[in-house]
Amino acid sequence: PDKDMPNGFYIYNPDNYLTTLFLSDETQYLIVNWEDLSNHKSVTKQELIEHLKEYSKAPPFRIITKGGYVQSIMEQYLP
């Protein structure tokens, strides 16, 4: 069964939840666009990795999954 629920909610079950998520060629990687905070910037997986090296502590991300595969990884803006 799909563990995702509408509106970003999910069923939290620490004893029976996926511990590994898989990326696919269709996975979208989105980071905060500091020049236009109303839009995220789409980047490649490698660009996301390089972007994360700029932080001492990784920013929060919203990860959307479907059937154990990551559909998108979106950096969340923190003021």
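Colleague: In what order do the four strands sit in the open sheet?
Modeller: Quick caveat: this is a predicted model, where local features need pLDDT of at least 70, side-chain atom pairs need 80 or more, and totals for chains, interfaces and linings use all residues. Numbering runs from 1 along each chain as its sequence is written, and side-chain values use heavy atoms, without hydrogens or water. Strands are DSSP E runs of at least two residues, helices are H or I runs of at least four, both numbered from the N terminus, and two strands pair if DSSP finds at least two bridges between them. The pairing is mixed, and the order is S2-S1-S4-S3.

Colleague: Which strands stand at the edges?
Modeller: Look for a strand with a single partner, so that one side is left without a neighbour in the sheet.

Colleague: How many bridges join S3 to S4?
Modeller: These two run antiparallel and form a hairpin with two residues between them. One of the paired positions is Ile-63 with Ile-73 in S4. The bridges number six.

Colleague: Which residues make up the largest nonpolar core?
Modeller: Such a core is a set of buried (under 20% relative accessible area, 1.4 Å probe, protein chains only) Ala, Val, Leu, Ile, Met, Phe, Trp, Tyr and Cys residues joined through side-chain atoms within 4.5 Å. S1 (28–32) and S4 (69–75) each supply at least two residues of this core. The six are Tyr-29, Ile-31, Val-43, Leu-48, Val-70 and Ile-73.

Terms used:
Buried means under 20% relative accessible area, exposed over 50%, partly exposed in between (1.4 Å probe, protein chains only).
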